[in-house]
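Dear colleague,

Please find the structure below, together with its sequence.

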Amino acid sequence: MLRKWMLTAGLLWGAVASAAIEGPGRNQFLHAARAQGPVTVDGRLDEDTWARAPVFDGFVQRFPEAGQAPSERTELRVLYDDRNLYIAVTSHDSEPALINRNLGRRDSDLYSDRVKVLLDPTHDHRTAYVFTVNAGGVQSDGLYYDDRLYSTDWDGVWDAAAGPREGGWVAEFAIPLSLLRFPEAPVQTWGFSVRRDIARRNEELETVLNPRTSNAVVSRLGHLTGMEELKPQRAVELVPYLAARTVARPQFSDAARPWPRLMDPSADLGLDFKLALTSNLALTGTFNPDFGQVEADQLILNLSTFESFFPEKRPFFTQGMELFNPVGGQGGPQTLFYSRRIGLETPILGAAKLTGTVAPGVEVGLMDAVVTGPWRRDVDEERPDRTVGLHLTRPLHVGPNNALPTDPAVPMNYLAAVVRGQVGTSSRVGGMVTMATPLTGGCSHESAALDEDLQPVQCLARGGNAAAVDFDLKTENGEYGLMGQVDASQVVGGVPERTLRDGTVLRRGDTGFGGYVRAGKFGGEGFRWDLGDDFSSPRLNLNASGFQRTQNEHAPRLSLRYQRPDGMGPLKAYSANFNVGTKWTTDGRAVNRGSWFNFNTGAQLPSFDYVGVEVGADVGGWDVRELNSTGVPLENRNSAFLALIVETNENRMASVGGFVAASRRFQSGPVAPAWEGQVNLYGTVRPHPALETRLEVFLDRTSFAPRFIEDLGDHRFLLSPLLTDSMSLTLRQQWVVTPRLTLQAYAQLFTAYGAYGPYYEGVSNAARIPIHFASLVPVERENTDDFHDVALNLNVVLRWEYRLGSTLYVVYTHGQQRFPVADGARPPHTLMPSGLLAGAANDALLVKWSWFWGA
């Protein structure tokens, strides 16, 4: 299979390399003029030099009627000097009172009138910086990579302003040349386009025809030229910070003793830096980073045997990391680098990344991070150590010793290296290596035999190495493509051996391999299709520094789609998708892990509201992960579902959306069929451009097939069906004093309960024969397995960008969980937040100041 994948990739690589050309913007050249005198970015364009700049007004619609003339006139002017690129867009409007000037925090994705600038200064047709300002003056930025994928994670320090004018508004940009990578040349020619959104009409305009139907963006841009004698600038940026916080927390770790509480003050000093080593290569680093202003993860109920994937929110790991993403974007089936492995349990001492271009069309990235910190396993909670400590493993942090973690902080070094080379205009091949290396000695068999809370830190360190070759190959118009990855892993450190959920024994030094491939038609109007195949050997383990939902699986799939993103008849957009797949184990047993299909269709109505419907089913197969890491297959429960989706036009002062889903779990031996469902509803209200309130409610009822309760020995297992209800209420409130002074509040109340019973016994044998539901035998057992969880998270953030790139944060956070149910009492079967106010709570107040210096 590996050889077939590589052969197919090689054939298409050759075809793409010979056929690829630039997109429809290849003949469009817009000219920039050198600024005559200083330019003040204020949204007024009252300098004489703007009057002498060339004017371009040939915008075309991108949506809803691609290629048609726009409803309003737009004028573009471009200037430059030795330090900045200046862009001015005059947006004429026949109804200026209806211009949407919604306000928000920097980098918020506001539905409003706005202007976007797309710049490909290296002219590699793969990567483009995006700079956006809306009619209210709110800035945001992002990055297109791999020609078509977009990330909001990239961030830069640049200036923009929006100003009113008679019959419209003006967007004015000043983009420092030190922020951009471009080659040395007498005359610069960059990939370039400008987009304008007219919110009330849901209309998108662009300087070059770049419709939604294409599977490419950057390679279809026009050009900006005429910039003479520009020298790449080796910029230096320093952002030191000082953070002071105080935390109020229970003195005792026992949740049944929430009082008394201790006040733990602490202080941190840190530094972020960026250095342009060459015009195409930048070094970014951080010492003792603090991410206290980042919103907490959403509370969820995960009772599956699979790890949950959470998005990255920490700035160092979101900015400039697009090169480390897997083929096809984040959330791929086998991801070598998952930054959330770093620094969530053990503090980051320091980290650095080197990114850029080392040759025409060849990009490289290198990231290294060291995590370590002081900890104390044995503490006397009755007599807490209030001594203020300074520790060499975390030298830029000062705090009381009683606040040190009691779980071992395993020192680790994380390394990720990637290289990607361009093929033709819009295709590329590459490779990646990751290493998670424990900075400890080895773990002996004697130490590994101890209980986990007694094992030395050497046994708790789980490292690993991984490597991959990937490819993303497309035809010249981007419609057809082949993408995929071939990877391998090696276990490093930790206990001599451990058992995975499916019964696979993983030993130090074990290797595994896998990969995935997607081939088909990904762009164009009308019918699209793609074939996919995921493969992972039993011992493939990327989770030391990456994310891999499961291993020991072969999963082919087929997708058939009908896409009309530019509309069909009265509909503004329409799509229909059919997906089907199956999977089985790769451990030689070829155990069927189940098959599935779904069909969904959706349409954007003439009112720009959206409606959709989805149906699907999971059929047959066996679960090899449920029964206490034995690998004994347990029958899957068949199910089918129906979902309805509605979203109203965001241009209204109040908008709502969500979905309602109902599913049917069919008979499972002695377990009767059951209905279950989900409801997710959300609404947003903007009574004023500076105020936004969003409320979301999520309700879930799930009827699980018999779940593992206890291993009774001799290949006998105690099982019980499980009924769970959960509810999440989330409130987000935003008040924008100015685009650079904002107050945000986030609160989530989460409740859930689970009810087990009746109980059954399932029997296998040494050959691990499957357990059918029909073979389960009822047994008597006292129910001590029910649960009731309640949690509350609150986060309030005041953000003030008091000068360009420099910020002051004041952050208050509150986290609380319910008081434990008394021993011997059965937890309540309710979604009411009973016991919450009596439960243990943590409160923290953070003041963080940073100052930007650039040269």
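The term pLDDT denotes the predictor's confidence in each residue, on a scale from 0 to 100. The model is a predicted one. For this protein the mean pLDDT is 91, and 97% of the residues reach 70 or more. Residues 1–22, however, have a pLDDT below 50, although this stretch has 41 contacts in the model beyond near neighbours in sequence. Where pLDDT is low, the predicted coordinates should not be read in detail.

With regard to aromatic rings, the count comes to 21 pairs. One of them joins Tyr144 and Tyr150 in a tilted arrangement, with 4.8 Å from centre to centre and 50 degrees between the planes. Tyr144 counts as buried because its relative accessibility is 11%, under the 20% cut-off. Tyr150, at 38%, counts as partly exposed.

Phe324 and Phe337 also form a tilted pair, with centres 5.7 Å apart and planes at 50 degrees. Phe324 lies in the loop between α3 (315–318) and β18 (334–335), and Phe337 in the loop between β18 and β19 (348–359), so the pair ties together parts that are 13 residues apart in sequence. Both Phe324 and Phe337 are buried.

Ring pairs also link a cluster made up of Tyr129, Phe131, Trp154, Trp158 and Phe173.

With kind regards

Notes. Residues are numbered from 1 along each chain as its sequence is written. This is a predicted model: local features need pLDDT of at least 70, side-chain atom pairs count only at pLDDT 80 or more; totals for chains, interfaces and linings use all residues. Side-chain values use heavy atoms; hydrogens and water are left out. Contact means heavy atoms within 4.5 Å. Rings of Phe, Tyr and Trp (its six-membered ring) pair if their centres lie within 6.5 Å; planes under 30 degrees apart count as stacked, over 60 as edge-to-face and the rest as tilted. Buried means under 20% relative accessible area, exposed over 50%, partly exposed in between (1.4 Å probe, protein chains only). Helices (H or I, at least four residues) and strands (E, at least two) are DSSP runs, numbered from the N terminus.
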